[in-house]
Structure formats: structure tokens, C-alpha cells
Amino acid sequence: MKLIENWFSERYSDNLQLSFRVSDQLLSVKTDYQRIDVFQTYDFGKLLSIDGTVQLTEKDEFVYHEMITRMPYLYADSKPESALVIGGGDGGAAGELLKLGLKRIVNVEIDGQVVEVCRKHFPELASSFSKKNVELIIGDGIKYVETAKEKFHIIIIDSTDPVGPAEGLFDSKFYHNVAKILAPGGVVVTQSGSPFYQPKAIGMAQRGMKPAFEYVKSYTAFIPTYPSGFWSFTMAKNTPIKMRKDSVPAGQYFNMEIAESAFSLPEFVKKLIA
Ligand code: AG3
């Protein structure tokens with residue numbers, strides 16, 4: 001008889017949490033920026049958590065990573081060749097961009113230990129950092145965009161929740177600098193939280209982007225292991241947000257129907273950004 005069960009829980013509020021039964025805790029480390037944990041779960045494979053919040057699981061990371069890369073790819077005015085990823089220390093976003101054939105990807109992650117942990121525990125994702133088209137920079141994305149000269153067709157903000165180290169990635173000062181290094185017709189995308197459990201996040205992203213870009217639009221996806229399972233992303237451009245006449249092969253979540261329908265928002269979400 002098994003007497004002890006181990007569980008990892010992410011708290012959504014004082015009264016609700018999502019719990020994963022785990023067979024092992026593979027790592028727990030406190031870095032200069034945050035606490036990183038890796039668990040072996042029963043239902044979702046390995047799970048990466050930062051400061052107690054789920055960043056990815058082996059089983060459902062494909063949703064987030066496909067949706068944060070293929071959408072900007074298809075909504076750029078011309079076929080993108082270069083991308084900047086801020087955050088994304090697991091390598092998942094960079095890996096999806098490689099699948100799309102991008103020729104140059106710069107990935108700026110603030111916490112080198114996230115990369116180390118992922119190299120060890122999520123080698124398939126982190127292997128993108130050793131591909132020849134990818135340049136990994138361990139540094140502060142906010143400072144990087146202040147001084148960068150190179151322009152990018154896609155800029156992806158793959159951050160943690162808008163509290164702590166990621167807070168500055170949601171304000172307009174940051175986005176004004178992002179706008180300076182966005183190639184003409186290019187697209188910026190950020191993750192913008194759970195509309196249900198983090199109702200302020202999507203508005204923060206929209207308010208951060210609007211002063212810096214002509215067009216801003218949010219889209220959503222179903223991500224089982226993030227708060228409420230319903231997740232948002234917010235896209236910004238200086239030319240109309242219209243899909244290019246092009247297509248990408250279906251992934252595990254993404255397909256060409258979702259490429260358009262992901263922008264359909266429930267009424268309560270529209271109110272959050274009005
Ligand atoms: N970064 C966004 C994760 C936010 C999850 N928030 C939460 N569970 N409260 C994902 C990193 C994957 N590259």
C-alpha cells in the first residue's frame with residue numbers, strides 16, 4: 001500500500017489550485033531571479049515551474065509554442081527570415097521558429113540557469129540553442145532592446161507572468177524600444193495571461209503595446225496546464241493585422257482554421273481590453 005502521495009500545485013487564488021501528482025522532484029534551485037523546479041508528473045511528463053507557476057510540461061508545451069510562433073509568422077507582411085525571442089529560456093519558441101525555416105534567431109534570456117536546467121531536463125527543447133541559426137544571449141531583454149541596432153521580422157516576448165522580473169516586459173517604454181527594431185511589416189507577440197484568472201494581464205499587454213504600434217489584437221488558445229486552461233496572446237504591428245497569403249503545415253494544435261479563429265474573443269475578454 002502506498003502511504004504517501006506527492007503533489008505539485010499551482011495556486012490560482014486563495015481558494016483554487018491545480019495539482020499534479022508527481023513521482024519525483026528532479027530539481028529545485030533558487031537563482032538570482034527566481035526559483036526553478038522540475039517535477040516528473042504522472043499525466044504530463046516533466047513539468048517546469050518558475051516561482052510556483054507552470055511554465056511548460058512535456059505533454060502540452062506544443063500548444064503555447066506553436067501559437068506564439070506560427071501566428072506572427074503568418075501575420076507578418078512578408079515571409080519572415082529573422083526573429084528575436086525575449087525570455088524563452090527553454091528553447092521551445094526558438095525550436096518552432098527553426099521548423100518554420102527562419103534563418104536568424106536571437107534569443108535573449110535573463111536567467112542562464114533556466115537554460116542550464118532545460119538543457120538537462122528538456123533536452124529536445126533546449127537543443128535549438130545549439131543550432132547554427134540560433135544565437136543565445138544571456139542578458140536582460142529590456143536592456144537589449146534599448147541598444148539593439150539589428151531589425152527583426154518577428155519579435156516574441158515569451159515571459160513569465162507580469163509580476164517580478166517580467167513586469168517591465170508589459171510596459172510601453174519597453175514596447176517603444178521594441179518598435180524601433182521591428183522590421184517594416186513585422187509582428188510582435190507577447191503571452192498575455194489567463195483572461196479568467198489574471199484578468200489584468202491582457203489589458204496590461206494591450207496598454208503597453210498601443211502607444212507604440214498602430215494595430216494591436218489579442219488571440220487565445222487552450223493550454224490545459226495554465227490557469228483555467230484558457231490563455232491569451234497579444235499581437236502588435238504597424239500595418240493592418242491581416243493574414244499573408246501563405247500557409248504553414250498543421251502542427252499538433254495549430255492549423256489554418258485556428259490561424260484565423262484564434263482572434264475570436266468571448267465577450268468577457270473583449271470587455272477586459274475595451
Ligand atoms: N511562459 C509563460 C508561462 C506563463 C504561465 N503562467 C502561469 N502558469 N501562471 C512559458 C514559457 C514557455 N516557453
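Student: How do the residues of the shell around the ligand divide into nonpolar, polar and charged?

Tutor: In this predicted model, the shell around the ligand is made up of 5 nonpolar, 6 polar and 4 charged residues.

Student: And which residues are the closest?

Tutor: Of the 15 residues that surround the ligand, the closest are Glu 10, His 65, Asp 90, Asp 158 and Asp 161.

Student: What lies 2.6 Å from an N or O atom in the side chain of Asp 90?

Tutor: That is a nitrogen atom of the ligand, and the side chain of His 65 likewise has an N or O atom that is 2.8 Å from a nitrogen atom of the ligand.

Student: How much of the ligand's accessible area does the protein cover?

Tutor: On its own the ligand has 400 Å² of accessible area, and the protein covers 98% of this.

Student: OK, where does the ligand sit?

Tutor: The ligand sits in the largest pocket, and the elements that give two or more residues to the shell around it are strand S5, residues 53-57, and helix H1, residues 61-75.

Student: Which element gives the most?

Tutor: Strand S5 does, with 3 residues in the shell around the ligand.

Student: Changing topic to domains, which ones does the shell draw on?

Tutor: The shell takes at least three residues from domain 1, which spans 6-56, and at least three from domain 2, which spans 61-273.

Conventions:
Residues are numbered from 1 along each chain as its sequence is written. This is a predicted model: local features need pLDDT of at least 70, side-chain atom pairs count only at pLDDT 80 or more; totals for chains, interfaces and linings use all residues. Side-chain values use heavy atoms; hydrogens and water are left out. A residue is near a molecule or strand if one of its heavy atoms lies within 4 Å of it. A polar contact is a pair of N or O atoms within 3.5 Å; within protein, one must be able to donate a hydrogen and the other to accept it, and residues adjacent in sequence count only if both atoms are side-chain atoms. Accessible areas come from the Shrake-Rupley method with a 1.4 Å probe; for residues, only the protein chains shown count as cover. On a 1 Å grid over the protein atoms alone, a cavity is a set of points where a 1.4 Å probe fits but cannot get out, and a pocket is an open set with protein on both sides within 12 Å along at least five of seven lines; lining residues have an atom within 4 Å of a point. A molecule sits in a cavity or pocket if more than half of its atoms lie within 2 Å of its grid points. Helices (H or I, at least four residues) and strands (E, at least two) are DSSP runs, numbered from the N terminus. Ala, Val, Leu, Ile, Met, Phe, Trp, Tyr, Cys and Pro count as nonpolar, Asp, Glu, Lys and Arg as charged, and the others, Gly among them, as polar. Domain bounds come from an automatic or database domain assignment.
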